[in-house]
Amino acid sequence: MNIAMLGLGLMGRAMAQRLAEFGFTVRGFNRSSLPDQWPNSTPAQPGSTATVCVVPTLAEAVIPAHLVWVMLADFAACEAVFLAPEHQSLWRNRLVINGSTISPDQSRALAQSIHALGGRYLEAPVLGSTPQAQTGTLQILLGGASADILQADTVLGALGTPTHFGVVGQGAAVKLAMNQLIGSLTAAFSMSLGLVQAEGVDVGLFMETLRASALYAPTFDKKLQKMVERDFATANFPLKHLLKDLTLFTKAAEAHQIRIEMVRALTDRLAQACTQGAGDADYSALFAELVPPAAP
Ligand code: NAP
């Protein structure tokens, strides 16, 4: 099966590589040039020689493809790619799977546009980051038609575990619900860790107590070292995307009269961090935003 991967950012590269290693023919397209060492400097599977063919135009990726996977930053990027006049004829009779994190309304609007252009649209935002993409252990949150899911079955299986939530919009809603938890849990843990450190408490003992309680979440341990060392440089999921997702959550939840003041305060804090240049840092840099370094 030929697959087009549109968007070769952190996630698109990892997913394209995984699909190539699974035996699919993958042609990837990216708007701008890619890091020098890519593709294929560090295959996810040791010893693998599978390569992703990076092509210079979007059409060269899409025309031979049985299925098009889209992994773009946001809605504006999706609109730019889907609706550019020179691309509009490419979607006819094609299945487009959109893995980008966007809002339910944005996803429904894109589905409508793709349908109007004669194509089929499946929403497939993912939970998990580049390590999960490389090992095919993403959780894939589907919204769309069962027939389209069936057609994409082997590709979805290569990337992870799919769950079909219902119509387009419902997979996107679950993704925003989960990412709201990423932001809120990280903020909550950061403040608690900050207090414990400031009072000179043994962090190991604090963590033992937390792990034994009903309040523990595995994400705390995943980010603990980065927070303790205050080293947020290597990002799988950058702060700027968390800001985008919390902004989308706020708007979607507000439309249902959900009180979003707490998330809005967090979003404002993230926006400030991004303005000050932390946008590409790992999202655990939220800790540094909430907990100032101890005085020497
Ligand atoms: P990323 O590294 O920032 O890559 C974004 C991609 O979008 C790049 O290929 C970029 O192309 C492209 N793009 C941005 N604006 C564009 C435009 N106007 N026209 C065409 N292409 C454009 O992001 P990522 O981490 O791969 O994430 C991709 C999506 O998956 C996002 O929606 C993110 O929220 C979601 N997600 C990410 C993770 C994660 O752990 N990173 C996990 C789950 C879901 P250029 O290189 O030319 O800028």
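Colleague: How does S184 count at 25% relative accessibility?

Modeller: Buried means under 20% relative accessible area, exposed means over 50%, and partly exposed lies in between (1.4 Å probe, protein chains only). S184 has 25% relative accessibility, so S184 counts as partly exposed.

Colleague: Before we go on, what kind of model is this?

Modeller: Residues are numbered from 1 along each chain as its sequence is written, and side-chain values use heavy atoms, with hydrogens and water left out. Local features need pLDDT of at least 70, side-chain atom pairs count only at pLDDT 80 or more, and totals for chains, interfaces and linings use all residues, since this model is predicted.

Colleague: Back to S184. How far apart in space are S184 and L266?

Modeller: S184 sits in helix α8, residues 170-198. Helices (H or I, at least four residues) and strands (E, at least two) are DSSP runs, numbered from the N terminus. S184 and L266 are 82 residues apart in sequence, yet C-alpha to C-alpha they are separated by 7.8 Å.

Colleague: How many helices and strands does the protein have, and what is its radius of gyration?

Modeller: The protein has 13 helices and 9 strands. The globule rule gives 19 Å for 296 residues, and the protein comes close to that, so it is as compact as a globular protein of that length; its radius of gyration is 20 Å. That radius is taken over C-alpha atoms, and the rule is 2.2 Å times the number of residues to the power 0.38. In short: 13 helices and 9 strands, and 20 Å.

Colleague: What share of the residues counts as buried?

Modeller: The C-alpha atoms fill a box of roughly 60 × 50 × 35 Å, taken along the principal axes. Of the 296 residues, the buried share is 49%.

Colleague: Now the ligand. Which residues come nearest?

Modeller: A residue is near a molecule if one of its heavy atoms lies within 4 Å of it. There are 23 residues around the ligand. The nearest of them are N30, R31, S32, S129 and N236.

Colleague: What is the make-up of the shell around the ligand?

Modeller: Ala, Val, Leu, Ile, Met, Phe, Trp, Tyr, Cys and Pro count as nonpolar, Asp, Glu, Lys and Arg as charged, and the others, Gly among them, as polar. Domain 1 (2-167) and domain 2 (173-290) each give at least three residues to this shell. Those domain bounds come from an automatic or database domain assignment. The shell divides into 10 nonpolar, 10 polar and 3 charged residues.

Colleague: Take helix α3. How far apart are the C-alpha atoms of L83 and A217?

Modeller: L83 belongs to helix α3. L83 is partly exposed, at 26% relative accessible area. L83 and A217 are 134 residues apart along the chain, and their C-alpha atoms are separated by 41 Å.

Colleague: What is the relative accessible area of E79?

Modeller: E79 is also found in helix α3. E79 is partly exposed, with a value of 34%.

Colleague: What is phi of N93?

Modeller: N93 is in the loop between α3 and β5. At 64% relative accessibility, N93 is exposed. N93 is not a glycine, yet its phi is positive, at about 60 degrees.
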